[in-house]
Amino acid sequence: MSEIQNISRRGFLKGIVSGGALVLSVQFAPMVAWAQKEQGAFPTRADQGKLHPSVYVGIDPDGTVFVIAHRSEMGTGSRTSLPLVLAEELDADWSRVKIEQAVGDKRFGSQDTDGSHSIREFYGPMREAGATARLMLIRAAAQQWQVPEAECETEPHVVVHRRTGRKAQYGELTMAASQLPVPRKEELKFKPRSAWRYVGKGSPSYDLTELCTGKATYGMDASLDGMLYASVEHPPVLGGKVKSFDEKGPLQVAGVRKVIPLEPFTPPHAFQPLGGIAVVADNTWAAFQGRSKLNAMWDDGANSSYDSDAYKKQLQETARQAGKVVRNQGDVDAEFGKEGKVVEAEYYVPLLAHASMEPPVALADFRDGQVTVWAPTQDPQGVQEVVGKKLGIAPEKVICHVTLLGGGFGRKSKPDFVAEAAILSKNVGRPVKVVWSREDDIRFDYYHAVAAMYMKAAVDANGKPTAWLQRSVFPPIGSTFDATAQYGGGGEMAMGWTSVPYEIANFRAENGPAINHVRIGWFRSVANIYHAFAVDSFTDELAHSAGKDPVEYLLNLIGPPHTFNQQDSAPGQKPDPEGYAFDTGRLRHVIELAAEKAGWGKRKFPKGGGLGIAAHRSFLTYVATVVEVEVNDQGEVRIPRVDTAVDAGTVVNPELTRAQFEGAAVFGTSLARSGEITAKNGAVEQSNFHDYQVARMNDAPLQVNVHIVESEAPPAGVGEPGVPPFAPAVCSAIFAATGKRIRELPLSRANLT
Amino acid sequence: MVNLTVNGVKRSFDGDPEMPLLWYLRDVLRLTGTKFGCGMALCGACTVHQDGKAIRSCSTPMSRVAGSEIKTIEDLSKNGLHPVQKAWIKHNVPQCGYCQSGQIMQAVALLKSKPKPSDQDIEEAMAGNICRCGTFQRIRAAIKDASGEKA
């Protein structure tokens, strides 16, 4: 999708660099748009490199290599791993690479860091950028030495001509290389896998020392001289409006400067700020204190009817009715009409909040018709658009610096909080940092959708389904952009629903309607969570109902290895990307691997102990997870061990990948154990970590073993795919251990005694 | 007026004595290594040392640190890295890293009071520190390593 082109950036670079006039860029927009983008672009240190053949890299005469990290770093490691890919093909000495975080700018291609696609989408462009610079350095050396280019090779940071024993440092070649034309993609030569130094071996986080010494800068830590701090009281109910408030109360608090009402959003709410009342002060504490004196009264509006208990019943009722068919093969109704065993079950997963450790926060400085922001955002180009629109300025007039993110999990792809800072800075004429409290974060999230699923199967004498019906109902993410949206979008349906890889002749997947009453958004692994919970739990139920071993049953259900594209089975639905067809052989392999590593079928457990398995492909990565539980007489669950097998294709950074799957097990533990957001009269009832509990060390799995499959397949996602199979595996393990079947999350609602 | 020592420097504060230490450190002294996570002593991101003991600075008013010595992550080790920080680096503990200042300060205080903590000791001491990325397994290993035990 990303085609590298030669683009003259002479105008843009004038006054910044003398040489290197030809620059490669990733083309995502028509050429006309490029000219406009260049006007507002923010120069990088890489742009100033003597050799600068790509937007992603610049090399100085002293050999320092500046590599652009254009994706946001929230802990998944892409800020380290993508530059590592570039360094590989450049054959750079990693210790001489300096990583530079990009501002929001379309010339870097997509910067929306979500969907576990940083490596998948930019592995190619990074390799090309590195190989391009390397080829230019080789050509410069070959010219100087008057030897054939083909006889030259590289060692880290050095071009070598073995026959004559000549060597030249990259730095000394930058001048000559910068005079050469940028090679075409077809001319590039990539290193053979056997010669890789970094990819597949990995590197610790580029920021590791800073992260351990308090020196790393998050959005919360951004500061400017003369800045003020703000805290915003939001309408408790989505779409609510301010009726009245006490302006004088806050101003009596020492340090409070100003009380500023914020306009409510115009529907659809999308990424607009919620409105409310801001209190601006000399420090965060004064802003919080001032806010507590607002005594705001609200006109709650239509969503005040929202009640989670009633809504749950409504979703479940809808799930029992016929819905919109999103995948259909054979004739399930005919099969259900026959005599024979039918198994039915209903599942439920509540609303969930992201609760990243760093709450939403942003610093903005508006002056002279433009605004500069520092924000822990997953989507700096989205910031440019949303902030630009709110302030009535062009997106190019919004310079968005991306700080490190203290967690994101999807919350920080929505820039509503950044727009608040920008509006307030414009209002007070000074830099303003908006700090959300934890209460603001929990009560005003873009929640992971609440979902009800209905499952039904007709089974033969061996317990294998001859017909399978599955129906999910949830308020869709589309409702954030279109208030009338009630059905899941193609993206949501593709997430573990239309792609169920079972060999069943009669299969139907449906989706029922649901209206949103809170903001709904992406959450680490998104719709896969509730879809995997239903599909994988139901599979385990069928196995037990048939008296079969769950692993054998699952493998039998998947059938012999074969590949298919989602569109083959669900025409009109979102296809798998080219080169990423669903390979059930790879899914089978991770199931077998996880089972083997966990000692499936070979271990004896005391009373209250047992194993559960779940397998799920998401973000193009195949994952199988075996969870071991211990349930004591008080019904308390401990998780001594988890074995997760992962086939993510080519893995750039195995150590950081392992960390993602360890973390996913903890994230999965949180949502399985205690994750639940509820609303009454339209307002969210939870507010902080006492009533929205997330896993702590004593709740988390004691040992998570991550088994990465060696693969030469193209790279797939690693940030999210560990999450979906976790909750169903835990619940199946609890069934194995206690005979109690959990069909509703969280576990804290279940009685396991 | 509240007099205290922060990272070896004598300070006096004449603002609202109810202001939590966290905001004095972050907004007044601009020592931003100590993080805001919950404001209710529920997550541990704001952990610092008061006279060598781990406290939650988000819920400790300035009036309660008068005459105290406060140490933050910035001053954990004067020369190079503290052994706990070295262990954190060796085990690649952080993901996003936001909670890790608090985790490290909590772990240092634990090892000071219990140089050879048991698994139970570690769980009890660290249960107040949330890591939403889920690095607990590595935190446990790093603490054991720093205590001289093989993780």
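This is a predicted model: local features need pLDDT of at least 70, side-chain atom pairs count only at pLDDT 80 or more; totals for chains, interfaces and linings use all residues.
Me: Which element gives the most to the side of chain A that touches chain B?
Reply: The elements of chain A that give two or more residues to this side are helix H6 (208-213), helix H8 (284-291), helix H19 (654-673) and strand E31 (703-708). The largest contribution is 7 residues, and it comes from H19(A).

Me: How do the residues of the side of chain A that touches chain B divide into nonpolar, polar and charged?
Reply: Chain A has 47 residues in the contact. Sorted by type, they are 7 charged, 17 polar and 23 nonpolar.

Me: Where is A:Pro268?
Reply: A:Pro268 is joined to A:Pro267 by a cis peptide bond, with omega about -5°. A:Pro268 sits in the loop between strand E12 (256-262) and strand E13 (276-281) of chain A.

Me: Is A:Asn681 buried, partly exposed or exposed?
Reply: A:Asn681 is not a glycine, yet its phi is positive, about 50°. It lies in the loop between strand E29 (679-680) and strand E30 (683-684) of chain A. A residue is buried at 20 or more neighbours and exposed at 12 or fewer. A:Asn681 has 13 C-beta neighbours inside 10 Å, so it counts as partly exposed.

Me: Is B:Arg30 buried or exposed?
Reply: B:Arg30 also has a positive phi, about 60°, without being a glycine. Its place is the loop between helix H1 (21-28) and strand E3 (47-50) of chain B. Because B:Arg30 has 9 C-beta neighbours inside 10 Å, it counts as exposed.

Note on methods:
Residues are numbered from 1 along each chain as its sequence is written. Chains are lettered from A and ligands numbered from 1 in the order in which they are written. Two residues are in contact if their C-beta atoms, placed from the backbone, lie within 7 Å. Helices (H or I, at least four residues) and strands (E, at least two) are DSSP runs, numbered from the N terminus. Ala, Val, Leu, Ile, Met, Phe, Trp, Tyr, Cys and Pro count as nonpolar, Asp, Glu, Lys and Arg as charged, and the others, Gly among them, as polar.
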